[in-house]
Amino acid sequence: MTGDARRWAVITGASAGLGADFARQLAARGWQLVLVARRLDRLQALADEIRNAHRDIAVEVIALDVSLPDAPDALLERATARNRKVHILINNAGFGTYGPFDELPWERQHEMLMLNVVRLTELCWRFAGHMRAHGEPAHILNLGSVAAFQPTPFFAVYGATKAYVRNFTESLAYELRDSAVRVSCLSPGATRTEFSDVAGIAIPALSDHAQMESPDVVRRGIDGMLAGKPQIIPGFINHLNAFISRVLPRQVLAWGAVIAMGGRATMRHRSGGGQ
Ligand SMILES: NC(=O)c1ccc[n+]([C@@H]2O[C@H](COP(=O)([O-])OP(=O)(O)OC[C@H]3O[C@@H](n4cnc5c(N)ncnc54)[C@H](OP(=O)(O)O)[C@@H]3O)[C@@H](O)[C@H]2O)c1
């Protein structure tokens, strides 16, 4: 079989969490994979795992910091080398920073804006062009969050990046509705991955109980994406959250978001206390 005939999926942020499960589940559904993240050892271990489980699946790994300016262009070039056609792009790489906006390091928040917003947008632009050029059915899945549905104090920039992703993705889905490219936004709520450790969040016991498992979120995400749904919200609690965000006043939603994220601990941090 030549590389040209196979169906390739590109997944950013594939070294952990949801991205690694996207890789496992797409391989099980017969997709060839290009896996992208900064930690090459993690990507190589995942690639070995997938090749052992599915001998007919090709897996290529690319160690890349997607937040850097040249990353989207470099990724498109590597992913489409040897006339390969990409039929799925999953813009999954992303992170949050939790704490008072004016106390969090600016450099880290800038990096988040670049990764979650700017590079994601450019990757859509570059890969949508590639997909439209090859003309075969194709999908772009962007990772949003329920944090997009309301104000998220102490998670202010992260929530805003995901609100951007949600709005941008819905618009792009509409613009491309008559093409062969379907565009979807997956909006998970709290999901058990490395996300909260990276963000510096201690999940309160109540919220911890409500966390979804990554393979479950990913299965719903892939099903929704392949069905061409513009918006995918996995799980009952997250659907409820989305509904409530449409009916409650924004200030109440802001308060609720602080409580759900363990806001009292943040208040102690603010006042310098240790209780
Ligand atoms: N878990 C949740 O509760 C939750 C809820 C809603 C939305 N989400 C969204 O889901 C997506 C995946 O998050 P996750 O929960 O799976 O978190 P995770 O376990 O921390 O995984 C994040 C992935 O992104 C990659 N990444 C981070 N910075 C990168 C960079 N500069 N360049 C390339 N890759 C980078 C990481 O790989 P390296 O460190 O190896 O680069 C890792 O593979 C994110 O967009 C997140 O906002 C998560």
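1. Helices here are DSSP runs of H or I with at least four residues, numbered from the N terminus. By that naming, helix H8 covers residues 214-226 and holds both aspartate 216 and arginine 220, four residues apart, or about one turn of the helix. Their side chains form a salt bridge, with the closest N and O atoms 3.1 Å apart. Arginine 220 has a relative accessible area of 37%, so it is partly exposed. The model is a predicted one.

2. Helix H4 runs over residues 106-134. At 1.5 Å a residue its 29 residues should span 42 Å, and the end C-alpha atoms lie 41 Å apart, which agrees. After H4 comes glycine 135, with a positive phi near 80 degrees.

3. Salt bridges number 17 in the structure. One of them joins glutamate 49 and arginine 24, at 2.6 Å from N to O. This pair links distant parts of the chain, since glutamate 49 sits in helix H2 (residues 40-53) and arginine 24 in helix H1 (residues 17-28), 25 residues apart. Glutamate 49 is partly exposed at 37% relative accessibility, and arginine 24 is partly exposed at 32%.

4. Another salt bridge pairs glutamate 136 with lysine 85, at 2.8 Å from N to O. Glutamate 136 is in the loop between H4 and strand S5 (138-143), and lysine 85 is in the loop between helix H3 (71-79) and strand S4 (86-91), so the contact ties together parts 51 residues apart in sequence. Glutamate 136 counts as partly exposed at 29%, as does lysine 85 at 24%.

5. Salt bridges also link Glu60, Arg78, Arg82 and Arg84 in a network.

Definitions and conventions:
Residues are numbered from 1 along each chain as its sequence is written. This is a predicted model: local features need pLDDT of at least 70, side-chain atom pairs count only at pLDDT 80 or more; totals for chains, interfaces and linings use all residues. Side-chain values use heavy atoms; hydrogens and water are left out. Helices (H or I, at least four residues) and strands (E, at least two) are DSSP runs, numbered from the N terminus. The expected span of a helix is 1.5 Å times one less than its number of residues. A salt bridge is a side-chain nitrogen of Lys or Arg within 4 Å of a carboxyl oxygen of Asp or Glu. Buried means under 20% relative accessible area, exposed over 50%, partly exposed in between (1.4 Å probe, protein chains only).
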